[in-house]
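Please open the structure in your viewer and keep the selection tool at hand.

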Amino acid sequence: MPEKLLKKTACTLSPLGDSAIVITFGNGMEYSVHKKIKLLKDLLENEPFAGFIECVPAYINLTVFYNPLVIYKDQNKSNGSETISPFDVVRSILEMKLQDLQEDKKLIHRTVTIPVCYGKEYGPDLEYVARYNDLTTDEVIHIHSTGEYLAYMIGFAPGFPFLGGLSGNIATPRRSSPRMTIPAGAVGIAGKQTGVYPISTPGGWQLIGQTPTKLFLPNVNPPSLLQAGDIVKFHPITDQEYKEMITKEEIQ
Amino acid sequence: MSLRVIKPGILTSIQDLGRKGFQQHGVIVSGAMDAHSLRIANMLVGNEEGEAALEITLMGPTIKVEKNCLISITGGNLSPTIDNHAVPMWRPILVKNGSMLRFAGCKSGCRAYLTVAGGFAIPEVMASKSTYLRAGIGGYMGRALKADDVLEFNEPSKNLGDRTFKGSFSFPKWFVNEKEFMPGGKALIRFIDGSQYEYFTDYSKDSFVAGAFKVSNQSDRMGYRLSGPTLKLKDNGELLSEAVTNGSVQVPPDGNPIILLADSQTTGGYPKIAQVITADLPSIAQVKPGESIQFSRVNLKEAERLFLQKERQLKELQVSISLALNKWLDI
């Protein structure tokens with residue numbers, strides 16, 4: 001099938017140890033790269049191969065975790081070979097899947113709106129972000145809450161979204177020394193990324209606000225409110241609204 | 001049917017083989033640091049090999065046994081005793097109701113695994129009984145054990161019957177040869193090239209295998225911080241975050257490598273010089289802070305061969321243990 005071969009997606013496949021393989025599609029934060037990652041991820045999850053454990057999307061690549069033992073057994077059943085390399089087997093499966101990627105297919109994105117109480121004790125770095133960018137705090141809030149962000153990946157902590165698409169006008173580098181504890185719900189900025197801390201952890205992002213929404217839900221499947229590929233919007237709320245929503249969350 | 005914690009030790013937590021399948025949601029895998037010792041401990045009491053165990057670190061707990069049970073202890077030697085008599089490791093042990101199990105001090109290794117026939121009656125969170133300490137979920141109430149915790153266990157699959165005891169405990173003559181599973185002396189850790197291996201200077205690549213690295217006191221289940229030769233990149237470029245895993249060796253800007261372990265975060269943005277082979281991850285788990293490790297470079301084929309060899313060895317062990325256990329229990 002020469003036509004299919006011609007369409008083959010440009011990427012590199014490399015091992016992450018003896019139980020995972022990384023498929024890299026580009027070198028920067030780009031929608032076209034995200035799209036290929038998402039398409040391959042959906043394809044693998046809908047038609048998992050024997051030994052497939054899971055895959056983890058990131059900005060430029062998808063890491064596929066597999067169980068070498070299952071692949072080894074599966075291959076031995078069919079050809080009795082002793083010298084099979086589980087990595088080679090997974091790589092050839094992935095190469096075949098890559099040929100099946102329909103890159104012209106449109107991605108469907110879910111939109112999730114997250115309420116944020118900006119500034120004051122909720123966003124201790126809001127003033128710094130405003131000063132750094134030569135803006136007022138209201139301007140920072142306006143720019144942050146009118147943007148649309150793409151969740152490129154979830155990582156670092158359970159449910160933590162790495163959101164791309166932050167306006168260059170409010171982009172701010174990480175704090176030079178990270179905070180020892182950041183409260184759950186804190187909304188932060190790091191360079192041209194924005195994100196929300198789902199659980200209390202140490203971290204170095206500039207904090208501009210806080211959400212009452214829970215992003216990590218251990219007893220729900222999936223346990224993360226946001227998934228890679230979601231579009232996120234932020235909606236400003238008042239102090240009063242924040243407190244009411246927190247009370248509601250606690251009752252539930 | 002329970003074990004009662006009298007003293008908790010430094011860090012004792014419930015772990016199984018980990019919470020797999022949720023890394024894309026940022027949920028760490030957790031699980032036993034030394035998976036081989038956990039699996040063998042389960043084989044020795046007739047459990048499924050991935051059943052949850054107590055992972056006991058450096059200074060162990062004191063536990064009161066509140067029902068006759070079949071236990072086993074593997075991994076690091078933390079000097080276990082029952083009613084002040086030394087308890088042999090790496091074999092099944094029938095323990096009498098009312099006995100007091102203590103861990104006296106660390107003789108070798110760093111982590112011991114305690115299993116009980118039937119397994120701990122712990123609810124699964126995301127298909128695992130492992131404790132995810134930082135998020136406070138899984139295991140026993142999402143945390144390390146405390147005094148007065150009561151660990152219930154299930155009815156064992158092997159019929160223990162009404163056994164009479166001469167003393168507090170009894171055990172068979174046979175045992176698993178721990179030398180095959182516990183490295184002695186300086187740990188030699190094999191790795192394959194990390195995703196950014198080529199980004200490092202030749203001098204750094206050479207000194208990574210030539211030098212010894214000391215495990216710092218700031219080491220835990222999430223990762224071991226190492227000090228030794230300082231590792232440098234050819235160019236200081238920004239790297240976008242991507243998946244990391246148990247055994248990834250990251251190098252932050254200070255040049256001191258960090259081996260990510262069982263509680264590794266799911267993604268990271270530091271360049272990875274190495275990836276420890278799966279077969280050697282249990283060896284790292286038994287290295288204490290203050291001790292040294294040395295790295296040895298292998299290729300992927302060798303890593304795969306060693307993985308499959310270890311799995312075969314464990315499979316054979318399982319068959320022989322199962323036969324010996326049934327004979328000893330007279331089933």
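Begin by selecting Lys38(A) and Asp42(A), which both lie in helix α2 of chain A, four residues apart, about one turn of the helix. The model on display is a predicted one. The side chains of Lys38(A) and Asp42(A) meet in a salt bridge, with 3.3 Å from N to O. Asp42(A), at 27% relative accessibility, counts as partly exposed.

Next, select helix α7 of chain A, residues 239-251, where Lys243(A) and Asp239(A) also lie four residues apart, about one turn of the helix. These two residues form a salt bridge whose closest N and O atoms are 3.2 Å apart. Lys243(A) is partly exposed, with a relative accessibility of 48%. Asp239(A) is partly exposed as well, at 23%.

Now display chain A as a whole. Chain A has seven helices and 13 strands, and its C-alpha atoms fill a box of roughly 65 × 40 × 35 Å along the principal axes. Of the 252 residues in chain A, 53% are buried. The chain exposes about 11800 Å², and carbon and sulfur atoms supply 53% of that area. Among contacts in chain A between residues at least 6 apart in sequence, 63% join residues at least 24 apart.

Within chain A, select Gly119(A), in the loop between β5 (111-118) and α5 (126-132). Gly119(A) is buried, with a relative accessible area of 5%. Which residues does Gly119(A) contact, leaving aside its neighbours within four places in sequence? They are Leu126(A), Ile208(A) and Gly209(A).

Turn to the contact between the chains, which takes 48 residues from chain A and 38 residues from chain B. Leu16(A), Asp18(A) and Glu54(A) deserve a selection of their own, as they supply 18% of the area that chain A buries against chain B, more than any other three residues. Together, chain A and chain B bury about 3300 Å² between them, 63% of it on carbon and sulfur atoms.

How many salt bridges are counted between chain A and chain B? The count is one. To see a salt bridge between the chains, select Lys301(B) and Asp88(A), whose closest N and O atoms are 3.3 Å apart. Across the interface, 16 residue pairs are in polar contact. Colour the side of chain A that touches chain B by element: β3(A) gives the most, with five residues. The residues on this side divide into 29 nonpolar, 13 polar and six charged.

Finally, move to chain B and select Glu311(B) and Arg39(B), which form a salt bridge with the closest N and O atoms 2.7 Å apart. Glu311(B) lies in helix α4 (residues 300-329) of chain B and Arg39(B) in helix α1 (residues 35-44), so the pair ties together parts that are 272 residues apart in sequence. Both Glu311(B) and Arg39(B) are buried. Over all chains, the whole structure holds 26 salt bridges.

Terms used
Residues numbered from 1 in each chain as written. Chains lettered and ligands numbered in written order. Predicted model: local features only at pLDDT ≥ 70, side-chain atom pairs only at ≥ 80, totals over all residues. Heavy atoms only, no water. Contact = heavy atoms within 4.5 Å. Buried area = accessible area lost by both parts, 1.4 Å probe. Salt bridge = Lys/Arg side-chain N within 4 Å of Asp/Glu carboxyl O. Polar contact = N/O pair within 3.5 Å; in protein donor to acceptor, adjacent residues only side chain to side chain. Helix = DSSP H or I, 4+ residues; strand = E, 2+ residues; numbered from the N terminus. Nonpolar A, V, L, I, M, F, W, Y, C, P; charged D, E, K, R; others polar. Buried < 20%, exposed > 50% of the residue type's maximum accessible area, 1.4 Å probe, protein only. Areas by Shrake-Rupley, 256 points an atom, 1.4 Å probe, with all protein chains shown as cover.
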